[in-house]
Amino acid sequence: MDFQRLPNETDEQLFLRVCSCKDSIGSWSKVAEVLNGLLNNNFDESTYRKRYKEFNRIDEAVLNAQNNAFDFDRKHEVLLDDIRKERIKLQTVNAERRRIDRAEARQELFYEQVGQYVKTVDPPVFKELQTENSKTEYLLCLSDIHYNADFKSINNIYSPAIAVERFSKIIEYVKNFTEEKHIRKIKILELGDTVQGMIHLNDLRINDSSFVKSIVDASRLIAGFLNELSQYVRVDYYHVPTSNHSQIRAFNAKRSELPSEDVEYIIGHYIHDLLVTNPRVTVTLADEGRDYISFNMGDQVVYGLHGHTVKNIDSIMAEISAITTDLPDFVFMGHYHSQKEITVSEIHGGDYSYDTEVIVCPSFVGSDPYADSLWKGSTAAVNIYGINDKHGHVETYKIVLN
């Protein structure tokens, strides 16, 4: 094999190139002959062999060092990735914790703002109770008060001041009613949409004041109403815990991001707190986590719910029975701003005979601009229902509020 020095090739480069071809040349002795001729040396084969061996040893050491450095870098990079991941986990946990803290802080602030307005209502001077001799209990249903709304529709005008006037009208009616019927106790069921709320941007146009203040004012208005009624009659009050207008979902806020999804819960509890010193008023609230309230009138089971989640009014009693295993005799609901009575079945046994019913109650607020736009409307009213031990729903009295 004829070896020639390459252009610009150094002695070291020539040495390495020739030695690397030792197997092709044949032996180290022949390698020495080639290199001595090209480099003008007179070294024996062992000189070149040892020198090339030492070069390979050093080259391997350098390569190993490079590999070790590479492995170290890789391990270091993996370690940094782990650290970064742990840091991201910690940041995520902290962000969630801060979100929860902010929500809790808003909740505390909300209750503080409400609490600034809430003071216990002093009991009135009680009148002597009637001597009762009736087998019929009476239930007054309040529904869809929409307190804080302020509007004028085709057949109705409404505002917070008018809401106050309407409660005064109910008080006068119930006072005369209890005297005429010789009633010692009346049950009152509040079916939700107590406040106008802020579930639509349109609510900004018809709301009279701030949402927080409307919650407090509505609570005090109802508590004052119950307190005044207690002059003449004992009052058992039941408050439905959920409805649609009382949900806090303003401006696409996330569910439960604010104090609660539904301020009916707050209103019911504050009415309870406002009247805690009145021995003639009993405030009963729904069990935690339920969107309905149930109680008895004599031997009959009554359910109350707002109705915004009911898809089929005709089948709601069967749906309640399937889920709760209860067999309600009467289901009262609001939401529809009109009244309807649906007979579901008949019950017979012993000396009793009555129909089970789903009863949709009229609205306190009455028709509004939205109802006008649909060419619909109904009179603002509340109803009193007489529930008899033997014959169920036997009386209905409508208090027109317009």
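Six strands are arranged in an open sheet of mixed pairing, in the order β6-β5-β4-β1-β12-β13; strands are DSSP runs of E of at least two residues, helices are runs of H or I of at least four, both numbered from the N terminus, and two strands count as paired if DSSP finds at least two bridges between them. Because β6 (281–285) and β13 (392–400) stand at the edges with a single partner strand each, one side of each is left without a neighbour in the sheet. From one strand to the next, the twist averages 20°. The model is predicted, with pLDDT of at least 70 required for local features and 80 or more for side-chain atom pairs, whereas totals for chains, interfaces and linings use all residues. Residues are numbered from 1 along each chain as its sequence is written, and side-chain values use heavy atoms, without hydrogens and water.

Strand β12 (residues 381–388) runs antiparallel to β13 and is joined to it by eight bridges. Within this pairing, Ile387 has His393 of β13 as its bridge partner.

Helix α8 (residues 264–274) lies across β4 (185–190), β5 (234–239) and β6, at about 155° to β6; contact means heavy atoms within 4.5 Å, and angles, from 0 to 180 degrees, are taken between N-to-C directions of axes fitted to C-alpha atoms, for helices over the stretch in contact.

The protein chain contains ten helices and 13 strands. Of its 402 residues, 43% are buried, that is, under 20% relative accessible area, with exposed meaning over 50% and partly exposed in between (1.4 Å probe, protein chains only). Leu79, in helix α4 (residues 45–117), counts as partly exposed because its relative accessibility is 47%.
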